[in-house]
Amino acid sequence: MSRGVSEGVKDWIGLVARLVTGGVWIVAGALKLPHPADSVRAVRAYDLLPEAVVPAVGHLLPVLEVVIGLCLVVGVLVRGTSIVSALLFVAFIIGISSAWARGLSIDCGCFGGGGQIPDAAAKYPGEIARDIGLLALSAWLVVRPRSRLALDTVLFPVGTDHDPDHDPDHDPDTDPEDEGSLDGAEEDLAQDR
C-alpha cells in the first residue's frame with residue numbers, strides 16, 4: 001500500500017513539473033512570437049553562434065518554446081519533449097554563464113527583449129538558478145514521464161503493454177512471472193557451482 005501512495009505522490013509531482021515547466025515555455029515563447037527582431041537580437045547578443053544561423057535560431061526558438069510548453073501542459077510525448085526541454089535549459093545555462101564570464105552585459109532574452117543592457121550581470125545568478133530549477137523539473141519528467149491528467153495516459157495506456165516500471169499495481173514479490181525468472185536465475189547459479 002505504501003508503494004501505491006508513493007506512486008500517487010510521484011504522479012502529482014509529475015503533474016506540477018509538467019505544468020510549471022510547460023507554462024514557463026508557453027509564456028517565454030508567446031512573449032517573443034510577436035517580436036521576432038527582438039528574439040534575433042537576443043540570440044545575436046550572446047555572440048556564440050555563427051551569424052548565418054542567428055536569424056533562423058531567433059525566429060524558430062519562440063515557436064519551439066510554445067510547442068514544448070503545449071506538449072508538456074497537455075501531457076503528450078512527455079519524455080521526448082522533456083529531453084528537448086532539458087537540452088535547451090542546459091544551452092541557456094551555458095549561454096548565460098558564458099556571457100557572464102566574458103563580461104557581457106546583456107538581457108538574457110528569456111521572456112522577450114534582448115541585447116545590451118546596463119548592469120545585466122546582477123541578474124545572471126537568478127537567471128541561472130531559475131534555469132537550473134527548470135532543468136531539474138525537466139529531468140524528473142525524462143526519468144518519470146507518466147503523471148496525472150496527461151494525454152499520454154490515454155494515448156499510450158500502460159495496460160496495453162505490460163510495463164512493471166510504470167504499473168502502480170505491479171508487486172514484484174507476488175508476480176508469478178517474476179518468480180519464474182528468479183527460479184531460472186537460481187537454477188543457472190546452481191548449475192555454475
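Among contacts in the protein chain between residues at least 6 apart in sequence, 70% join residues at least 24 apart. The model in which these contacts were computed is a predicted one, and its protein chain comprises seven helices and two strands, which from the N terminus on follow the order α-α-α-α-β-β-α-α-α. Of the 193 residues in the protein chain, 34% are buried, while the accessible surface comes to about 11,000 Å², with 67% of that area belonging to carbon and sulfur atoms.

The largest nonpolar core has eleven residues, namely Ala45, Tyr46, Ile93, Ile96, Ala99, Ile106, Cys108, Cys110, Ala120, Tyr124 and Ile128. Helices α4 (78-101) and α5 are the elements that give two or more residues to this core, and α4, with three residues, gives the most. Apart from this core lies another, of ten residues, among them Ala17, Leu61, Leu134 and Leu141.

Ala45, a member of the largest core, also belongs to helix α2 (residues 36-45), in which Ser39, Val40, Ala42, Val43 and Ala45 are buried. An α-helix has 3.6 residues a turn, so residues three or four places apart point the same way. When residues up to four places away in sequence are set aside, Ala45 touches Leu104, Ile106 and Gly115, and of these Ile106 is itself listed in the largest core. Helix α2 is followed by Asp47, whose phi is positive, near 55°.

A polar atom of the Thr21 side chain lies 2.9 Å from the backbone oxygen of Ala17, and Ala17 is in turn one of the residues of the ten-residue core. Leaving out residues up to four places away in sequence, the contacts of Thr21 are with Leu72, Ser85, Phe89, Leu134, Leu137 and Ser138, among which Leu134 is likewise included in the ten-residue core. Ile26, by contrast, has a relative accessible area of 23% and so counts as partly exposed, since the limit for a buried residue is under 20%. Although Ile26 and Val66 are 40 residues apart in sequence, their C-alpha atoms are 4.5 Å apart in space. Beyond residues up to four places away in sequence, Ile26 touches Glu65, Val66, Gly69, Leu70 and Val73.

Arg144 is placed in the loop between α5 (124-143) and α6, and its relative accessibility of 15% is the reason that it counts as buried. The side chain of Arg144 makes a polar contact of 2.4 Å with the side chain of Glu7. Apart from residues up to four places away in sequence, Arg144 touches Glu7, Lys10 and Asp11.

Conventions:
Residues are numbered from 1 along each chain as its sequence is written. This is a predicted model: local features need pLDDT of at least 70, side-chain atom pairs count only at pLDDT 80 or more; totals for chains, interfaces and linings use all residues. Side-chain values use heavy atoms; hydrogens and water are left out. Buried means under 20% relative accessible area, exposed over 50%, partly exposed in between (1.4 Å probe, protein chains only). Helices (H or I, at least four residues) and strands (E, at least two) are DSSP runs, numbered from the N terminus. A polar contact is a pair of N or O atoms within 3.5 Å; within protein, one must be able to donate a hydrogen and the other to accept it, and residues adjacent in sequence count only if both atoms are side-chain atoms. Contact means heavy atoms within 4.5 Å. A nonpolar core is a set of buried Ala, Val, Leu, Ile, Met, Phe, Trp, Tyr and Cys residues joined through side-chain atoms within 4.5 Å. Accessible areas come from the Shrake-Rupley method with a 1.4 Å probe; for residues, only the protein chains shown count as cover.
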